[in-house]
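Subject: Structure handover

Hello,

Here is the structure I said I would pass on. My notes on what turned up in it follow below.

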Amino acid sequence: MTDLSKVSSRRNEILPALAVVAGLAIAGAIPASAQSAESFYGGKDVKFIIPDGAGGGYDAYSRLLARHLADHIPGHPRIVAENMPGASGLVATNWLYNVAPRDGTVMGSTYNTLLTEPLLGDTAAQYDPTKFEWIGSITTQYNACMVWHTSSIKTIEDATKREVRVSTTGLTGNSAKMPLMLNALIGTKFKVIAGYTSGGMRLAVERGEVEGICGLSYDTYAAANPDWLQNNKIRFILQAGAKPAKALPDVPLLASYVKDPKQTAALKVLGVDQDVGRPQLLPPGVPKYLVEALRTAFNQTMKDPKFLADAQRMHIRPEPMTGERIEAELRKAYAAPKDVVAVAAKLWPPAVAKKKTK
């Protein structure tokens, strides 16, 4: 055999061996991040920050997820839920962005209405939603207006004829901003009564202090006050969102009352809040392998029979959105034309707006 033939023969022996080694390396790399996440989370506690008070809708959804998520996180850490209410979720969201450890040991939820607050110019919103590490969302949250069954208000048109008192927690929440937006858009006469707790705003309806609530989703009542739905104690008169909620097929949509193209475009920008619904997140800067581990765990939880049975018991209907899709939806909203954003800011004014320059 010539030297050249020997070299060629030797090369033919080496290449398959290298291919095997490379294949093993690739195969070994697949579970590497999971193995690293397992090493990190094994024996640890993960703090789950809930921006709502006990008994609220976000509290119910967050605790539902907290009960099952650890079963799918490598290392199975203990998840410890902690309520941090204040300013309709703003206190917790600012804390998660600016103060919380960025090592994967803290996660949380945020109010969906806070997703667009920085875009609209809220100077109290000290965070950039496009920089959070989004884990996922259990379901959409399409806002609706309801009144107590004893109210003389039967339709949204009735709410344009006289004052209708509605309760809310603070001026940054859906239940404050939606009725005020409707006043500007279609001439309703909602009067917002603020200062209640999450549970207190619903008690105010039962006690007759107000006639209803405008800005919570059907699913919120399903989770927190299922008896209201079962016993027909409340009447829905309007809903937002691109399509009717499955449980409210005959309740009119806000979009059907809006004809101006700019206002329609602005409502689509604001609609990202409702599409995303009940989001969970990690602070910015958490290592990517931990982000991926929690995203995978979230996606698996959404298919877990134990989770689904627990959700059904709570009258919750999961319509999950992945963390990747939340990121994409937020990037799209934040890329909207400035004139459309300006209209959105007028319809859904920020709680603490930027000062006008002289």
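In α11, the buried residues are Leu290, Val291, Ala293, Leu294, Arg295, Ala297, Phe298 and Thr301. The helix covers residues 288–301, and its 14 residues should span 20 Å at 1.5 Å a residue; the end C-alpha atoms are 20 Å apart, so the two values agree. Please keep in mind that this is a predicted model.

Overall, the protein has 14 helices and 11 strands. Of its 358 residues, 51% count as buried. The accessible surface comes to about 16400 Å², with 57% of that belonging to carbon and sulfur atoms. If contacts are taken between residues at least 6 apart in sequence, 80% of them join residues at least 24 apart.

Next, the nonpolar cores. The largest has 35 residues, and Leu182 and Phe190 have the most contacts inside it. Elements giving two or more residues to this core include β5 (143–148), α6 (174–186), β7 (190–193), β9 (234–239) and α10 (261–276). A second, separate core has 32 residues, among them Ile50, Ile138, Leu282 and Ala293. Ala293 is also one of the buried residues of α11. As for Phe190, leaving aside neighbours within four places in sequence, its contacts are Cys145, Ile156, Ala159, Val164, Val166, Pro179, Leu182, Asn183 and Cys214.

On the aromatic side, a search of the whole structure finds nine pairs. One of them, Phe132 with Trp134, is edge-to-face, at 5.6 Å centre to centre and 70° between the planes.

Tyr218 and Phe236 make a tilted pair, because their ring centres are 5.8 Å apart and their planes are at 45°. This pair links distant parts of the chain, with Tyr218 in helix α8 (residues 218–224) and Phe236 in strand β9, 18 residues apart. Tyr218 has a relative accessible area of 18% and is therefore buried; Phe236, at 14% relative accessibility, counts as buried too. Ring pairs also link Tyr218 and Phe236 with Trp148, Tyr221 and Trp228 into a cluster.

Two charged side chains are placed over rings. The charged end of Lys44 sits over the ring of Phe40, 4.4 Å from its centre. Arg102 lies over the face of Tyr97, with a distance of 6.0 Å to the ring centre.

Regards

Definitions and conventions:
Residues are numbered from 1 along each chain as its sequence is written. Side-chain values use heavy atoms; hydrogens and water are left out. Helices (H or I, at least four residues) and strands (E, at least two) are DSSP runs, numbered from the N terminus. The expected span of a helix is 1.5 Å times one less than its number of residues. Buried means under 20% relative accessible area, exposed over 50%, partly exposed in between (1.4 Å probe, protein chains only). A nonpolar core is a set of buried Ala, Val, Leu, Ile, Met, Phe, Trp, Tyr and Cys residues joined through side-chain atoms within 4.5 Å. Contact means heavy atoms within 4.5 Å. Accessible areas come from the Shrake-Rupley method with a 1.4 Å probe; for residues, only the protein chains shown count as cover. Rings of Phe, Tyr and Trp (its six-membered ring) pair if their centres lie within 6.5 Å; planes under 30 degrees apart count as stacked, over 60 as edge-to-face and the rest as tilted. A charge sits over a ring if NZ of Lys or CZ of Arg is within 6 Å of the ring centre and within 35 degrees of the ring normal.
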